[in-house]
Amino acid sequence: MEMDYSQFLLMKEELSLIAVIVILFIADLFMSPDNHKRDGKPVLNTLLPVALLLIHTVITLVPGAEASAFGGMYITTPAQSIVKSILSIGTLIVFLMAHEWMRREENHIKQGEFYVLTLSTLLGMYFMISAGHFLMFFIGLETASIPMVALIAFDKFRFQSAEAGAKYILTAMFSSALLLFGLSLIYGTTGSLYFEDIPAALDGSALQIMALVFFFSGMGFKISLVPFHLWTADVYEGSPSTVTAYLSVISKGSAAFVLMLVLIKVFAPMVTEWQTILYWIIILSITLANLFALRQQNLMRLMAFSSISQAGYIMLGVIAGTSMGMTSLIYYVLIYLFANLGVFTVINIIIQRTGKVTLTDYNGLYTTNPRLAFLMTLALFSLAGIPPFAGFFSKFFIFAAAFESGFHLLVFIALVNTVLSLYYYLRVVKSMYINKSDEPIVAFQSDNYTRVSLLLCTAGIIVLSIASVVYDSIDKFSFGL
């Protein structure tokens with residue numbers, strides 16, 4: 001049968017991103033570092049990827065109609081297109097905040113590699129999101145995971161970065177093996193790897209329950225859910241702060257959305273089984289992560305446990321298993337993206353200028369850098385879910401979705417944990433505004449790229465807060481679902 005190459009045109013997000021990767025690869029290959037330096041600082045190599053990714057995001061921002069290609073291996077829907085756009089916006093903010101790190105003398109020659117590797121992981125996430133076949137899904141998953149190892153170990157002059165890369169590749173390898181074993185059991189019991197064909201062949205046998213457990217275990221590592229979270233704190237602390245920001249938001253958001261799609265589409269006949277698994281995973285993830293976050297002094301480790309807790313909240317949208325749950329999940333990831341990247345942008349710029357990262361280092365930050373302290377507070381309040389900030393509405397919508405599906409006790413436990421999480425978020429605010437320091441972080445001016453990334457994060461939090469007040473129901477954020 002002759003192949004219809006026009007099907008490739010349905011992959012507009014992937015084709016556009018591949019074009020960006022190729023242009024950046026060629027630019028990095030043929031341009032010497034001296035060609036893109038102005039006053040000793042690399043300029044063009046930051047401006048070029050930011051401009052290209054911005055064009056890519058604008059081109060793909062409007063979702064197309066629902067369609068499938070290559071016999072159903074590739075599927076695109078408005079919801080999937082919107083998630084890809086959210087990930088692109090997050091990557092754009094990460095590129096902006098990476099400029100300060102990249103301008104260091106020992107790092108500027110590796111800028112092209114950083115951008116190409118980051119966009120390669122994003123391309124893998126695109127394929128994973130649009131997969132309609134488990135082979136396509138796995139290829140996307142590995143395309144997203146393998147370059148991530150190089151990014152985590154990117155700062156080769158720091159031992160912690162290399163150690164974090166080793167820990168991540170080992171956990172990624174084991175989680176992929178578990179997931180692949182689960183997929184082999186699915187194929188063995190159903191005779192198909194197509195998402196559309198599998199549900200009719202599911203009968204809840206022991207092998208299929210094992211397949212579900214192995215698949216969920218593999219995805220649990222990617223999302224860093226308890227008990228698959230043990231790598232998270234060490235990797236977040238050891239990675240370059242820019243990579244940690246990318247890992248905590250972009251990678252986690254895409255994996256959570258894909259897990260929801262697969263559970264609802266493929267494992268629909270086994271809804272009781274996967275909701276039971278999720279029920280206990282959510283309780284463990286939110287509770288243990290919050291308890292461990294209470295005792296952290298290093299801000300990177302604190303944000304690591306915060307991200308594990310946030311992953312538990314995101315799973316409330318998954319366990320709901322409804323269109324409202326899916327919409328709430330997308331909306332939660334969008335708000336989490338702006339708030340979390342806002343926090344990491346402040347942490348990153350302070351690390352680059354001072355090397356300080358502990359909670360006591362932030363004592364008296366408001367006296368020397370009041371704007372940074374204010375923006376950090378805004379983002380932390382949103383993460384904590386304090387009204388009237390956007391994070392409050394994202395938590396409210398996702399709690400409402402789980403509550404409507406009958407998980408009343410689970411929502412109550414999540415609410416109690418939200419109060420618990422207030423403590424460690426407000427500890428950071430207390431350090432910046434109330435605690436005194438004889439040697440506070442010195443006053444400094446952020447570079448323009450960092451300012452733009454902070455502006456985007458702040459604008460995102462404020463605009464989404466206003467939008468949440470105006471549209472008092474998540475049903476109005478239907479995203480075409």
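This report describes selected structural features of a predicted model.

## Basis of the description

The model is predicted, so local features are given at pLDDT of at least 70 and side-chain atom pairs at pLDDT 80 or more, whereas totals for chains, interfaces and linings use all residues. Residues are numbered from 1 along each chain as its sequence is written, and side-chain values use heavy atoms, with hydrogens and water left out.

## The nonpolar core

The largest nonpolar core contains 167 residues. A nonpolar core is a set of buried Ala, Val, Leu, Ile, Met, Phe, Trp, Tyr and Cys residues joined through side-chain atoms within 4.5 Å. Buried denotes under 20% relative accessible area, exposed over 50%, and partly exposed the range in between, with a 1.4 Å probe and protein chains only. The residues with the most contacts inside this core are Phe 114, Phe 134, Phe 137, Phe 215, Phe 267, Met 315 and Met 376. Helix α13 (residues 323-354) gives the most to this core, with 19 residues. Helices are DSSP runs (H or I, at least four residues), numbered from the N terminus.

With residues up to four places away in sequence set aside, Phe 137 touches Met 128, Ala 131, Leu 179, Phe 195, Phe 215, Met 219 and Val 258. Contact here means heavy atoms within 4.5 Å. Val 333, a residue of helix α13, counts as buried at 6% relative accessibility. Beyond four places in sequence, Val 333 touches Ile 86, Gly 253 and Ile 314. The C-alpha atoms of Val 333 and Ala 98 are separated by 21 Å, and these two residues lie 235 residues apart along the chain.

Helix α3 (residues 78-102) has 25 residues and spans 35 Å from its first C-alpha to its last, close to the 36 Å expected at 1.5 Å a residue. The expected span is 1.5 Å times one less than the number of residues in the helix. Helix α3 bends by about 25° at Leu 96, where the bend is the angle between axes fitted to the seven residues ending there and the seven starting there. Of the 25 residues in α3, 24 are buried.

Ser 453 belongs to helix α18 (residues 448-470) and counts as buried, with 0% relative accessibility. Apart from residues up to four places away in sequence, Ser 453 touches Ile 93, Leu 96, Met 97 and Thr 345.

## Aromatic pairs

The model has 25 aromatic pairs. Rings of Phe, Tyr and Trp (its six-membered ring) pair if their centres lie within 6.5 Å; planes under 30 degrees apart count as stacked, over 60 as edge-to-face and the rest as tilted. Phe 114 and Tyr 115 form an edge-to-face pair, at 5.5 Å centre to centre with 70° between the planes. Phe 114 is buried, at a relative accessible area of 1%, and Tyr 115 is likewise buried at 1%.

The rings of Tyr 279 and Trp 280 have centres 5.4 Å apart and planes at 75°, so this pair is edge-to-face. Tyr 279 is buried at 17% relative accessible area, whereas Trp 280 is exposed at 54%. Ring pairs also link Phe 95, Trp 101, Phe 114, Tyr 115 and Phe 154 into a cluster.

Asn 369 lies in the loop between α14 (365-368) and α15 (370-384) and counts as buried, with 5% relative accessibility. The side chain of Asn 369 reaches the backbone nitrogen of Phe 444 at 3.2 Å. Leaving aside neighbours within four places in sequence, Asn 369 is in contact with Ile 441, Val 442, Ala 443 and Phe 444.

Helix α15 has 15 residues and reaches 21 Å from its first C-alpha to its last, close to the 21 Å expected. Eleven of its 15 residues are buried, among them Leu 372, Met 376 and Ser 382. Just after α15, Gly 385 takes a positive phi of about 85°.

The peptide bond from Pro 387 to Pro 388 is cis, with omega near 5°, and Pro 388 is placed in the loop between α15 and α16 (390-404). The peptide bond from Val 226 to Pro 227 is also cis, with omega near 5°; Pro 227 is found in the loop between α8 (206-223) and α9 (232-238).

Ser 224 is found in the loop between α8 and α9. Phi of Ser 224 is near 60°, a positive value in a residue other than glycine. Ser 224 is buried, with a relative accessible area of 0%.

Technical notes:
Helices (H or I, at least four residues) and strands (E, at least two) are DSSP runs, numbered from the N terminus. A polar contact is a pair of N or O atoms within 3.5 Å; within protein, one must be able to donate a hydrogen and the other to accept it, and residues adjacent in sequence count only if both atoms are side-chain atoms.
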